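Subject: Structure for your review: salt bridges

Dear colleague,

Please find below the structure that I am handing over to you. My notes on its salt bridges follow.

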Amino acid sequence: MWIGIDLGGTKIEGVNLDANGIVQNRERRPTPKNDGYHGIITSIADLVFKLEQQSGETCTVGIGTPGAISARTGLMKNCNSTILNNKPLKEDIEKALAREIKIANDADCFALSEAHDGAAAGKSMVFGVIIGTGVGGGIVSHGQIHNGPNAIAGEWGHLVLDSQGPKCYCGRQGCIETYLSGPGLAQNYRNRGGDNTHDAKKIIANARDGDPLAKIVMQNYYDYFGRALAMVINILDPDIVVLGGGLSQIDELYQEGITAVAKHVFSDDLRTPIVQNLHGDASGVLGAARLWPLPC
């Protein structure tokens, strides 16, 4: 049996896969808020032990995280769940479980799952996109995650669209994440005089209902999406782009968004399929389990 854990800012999800890659057990729980970093370690270990009790055996464990391990320090870096930054996450979880584990960025896990048996199955070069509370990406080449020497491959969310743009948590200004994330979309709406209680979901609904300001904000969003994704396609030229995260459910992205990508990409004919994921919210946790090779 293989266990995958998806460590997010609001939830921790775990699954047990059998040798055929079929989910046998699944559990989701809130990410601890009051117990700090050590509460997260305890919650992950408890979830693993519970899944193992259900399966009746000791399992391999793969974990998807909202950041990466620094090759220089061995500590976590680039986590939008900033409580994890500069912490020895892998080492601490291994101590709690008394075994080796594998860790990868959650966007890498998403891309791996979709490349194996999801929307990108059979494609050689896959770019997996996460657009939700944050913006991330992962690259899978011939079935393997491509990390790069700096462990930042696919991190398109922190390419800069406008150096005078909004401040990003990473310390830079105008990162793609500040435009394409859910909070970034809502902030753009507020900056233009919109209701400060409206979140991304409400703004999208208002645009569909004909609200003039929401329509302008969403047109800006599709243009930002086109310019941002065109940067990646111009460099990587993947066989397919798979979208994940809450904002990947915007139907207009697969029409107006793709039109905007075609406008900005360095080609007279955009042939890159840009598609919605197949596994939905489960992609990240399924990919985490697959950090250890499954026979299937």
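At 44% relative accessibility, R26 lies between the limits of 20% and 50%, and therefore counts as partly exposed. Please bear in mind that the model is predicted.

R26 forms a salt bridge with E13, and their closest N and O atoms are 2.8 Å apart. This pair joins distant parts of the chain, since R26 belongs to strand 3 (residues 23-30) and E13 to strand 2 (residues 11-17), 13 residues apart. E13 has a relative accessible area of 2%, which is under 20%, so E13 is buried. Both residues also take part in a network of salt bridges that links D6, K11, E13, R26 and R28.

A second pair involves K50 and E27, whose side chains meet in a salt bridge at 2.9 Å, N to O. Here too distant parts of the chain are linked: K50 is in helix 1 (residues 36-55) and E27 in strand 3, 23 residues apart. K50 is partly exposed, with a relative accessible area of 34%, whereas E27 is buried at 16%.

A further salt bridge connects the side chains of K95 and E91 at 3.3 Å, N to O. Both residues lie in helix 2 (residues 89-97), 4 residues apart, which is about one turn of the helix. K95 has a relative accessible area of 59% and is therefore exposed, the limit being over 50%. E91, at 42%, is partly exposed.

The pairs described above are among the 14 salt bridges found in a search of the whole structure.

Yours sincerely

Definitions and conventions: Residues are numbered from 1 along each chain as its sequence is written. This is a predicted model: local features need pLDDT of at least 70, side-chain atom pairs count only at pLDDT 80 or more; totals for chains, interfaces and linings use all residues. Side-chain values use heavy atoms; hydrogens and water are left out. A salt bridge is a side-chain nitrogen of Lys or Arg within 4 Å of a carboxyl oxygen of Asp or Glu. Helices (H or I, at least four residues) and strands (E, at least two) are DSSP runs, numbered from the N terminus. Buried means under 20% relative accessible area, exposed over 50%, partly exposed in between (1.4 Å probe, protein chains only).
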